[in-house]
Amino acid sequence: MNKYLFLLIISSTIIVSCSKKSDPPTQTVSPIAGKWHYLADTTTEYSNGTLICNCNTDPGSFAYIQFNDDFTGTSLETEGSPGDTNSYVAKFTYKLSGNTLIMTYPSQNIGGERFATTIDTGVIKSNSGNKLFIQYNINYGYNGAAIHYLENQYLAK
């Protein structure tokens with residue numbers, strides 16, 4: 001009898017210890033959701049290691065970026081020239097992993113031009129709930145040149 005009791009206890013222990021652990025819940029609401037207006041956008045750009053632009057974009061040249069709770073978004077921007085009224089809307093999806101922001105812009109027509117799918121990866125440097133600072137450190141090739149730029153976006157709700 002003791003032998004059967006012992007086997008029952010061992011079997012119960014094995015079954016309980018082998019039960020599937022529940023996965024952590026997936027993020028369903030974005031902590032950056034909302035409509036963010038640009039306060040400033042600064043870019044340092046290099047081509048083949050040579051500084052070609054240390055640019056401060058007029059905050060008026062960007063309208064907003066909208067991060068939705070369902071991890072989709074829209075950005076409304078202008079060309080950036082003083083007095084330019086040509087604006088364009090871009091659609092995107094995004095993912096958050098810690099403070100890393102990955103934005104995927106599918107192939108789409110923007111402002112009369114066809115843009116290929118692009119993926120931008122940035123780091124959320126700060127998010128106070130009503131102010132957001134995102135930094136992008138991007139490398140790509142363009143017309144045979146190695147382009148590197150560091151972009152800082154300062155936004156407010």
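The model is predicted, so local features need pLDDT of at least 70 and side-chain atom pairs count only at pLDDT 80 or more, while totals for chains, interfaces and linings use all residues. Residues are numbered from 1 along each chain as its sequence is written, and side-chain values use heavy atoms, with hydrogens and water left out.

**Whole chain**
- The protein chain has 1 helix and 11 strands; helices (H or I, at least four residues) and strands (E, at least two) are DSSP runs, numbered from the N terminus.
- Read from the N terminus, the order of elements is α-β-β-β-β-β-β-β-β-β-β-β.
- Of the 157 residues in the protein chain, 29% are buried; buried means under 20% relative accessible area, exposed over 50%, and partly exposed in between (1.4 Å probe, protein chains only).
- Taking contacts in the protein chain between residues at least 6 apart in sequence, 42% join residues at least 24 apart, where contact means heavy atoms within 4.5 Å.

**Disulfide**
- The structure holds 1 disulfide, defined as a pair of cysteine sulfur atoms within 2.5 Å.
- Cysteine 53 and cysteine 55 form this disulfide, with their sulfur atoms 1.3 Å apart.
- The torsion about the S-S bond of cysteine 53 and cysteine 55 is about 60°, so the disulfide is right-handed.
- Cysteine 53 is buried because its relative accessibility is 18%, whereas cysteine 55, at 24%, is partly exposed.

**Threonine 43**
- Threonine 43 belongs to strand S1 (residues 34-47) and is buried, with 14% relative accessibility.
- Beyond its neighbours within four places in sequence, threonine 43 contacts Cys53, Asn54, Cys55, Tyr149, Leu150 and Glu151.

**Strand S6 and its partners**
- Strand S5 (residues 87-97) pairs with S6 in the antiparallel sense over 5 bridges; two strands pair if DSSP finds at least two bridges between them.
- Lysine 95 stands opposite isoleucine 102 in S6.
- S5 and S6 form a hairpin with 2 residues between them, and glycine 98 in the turn has a positive phi of about 65°.
- S6 also pairs with strand S9 (residues 118-127), in the antiparallel sense over 6 bridges, and methionine 103 stands opposite aspartate 120 in S9.
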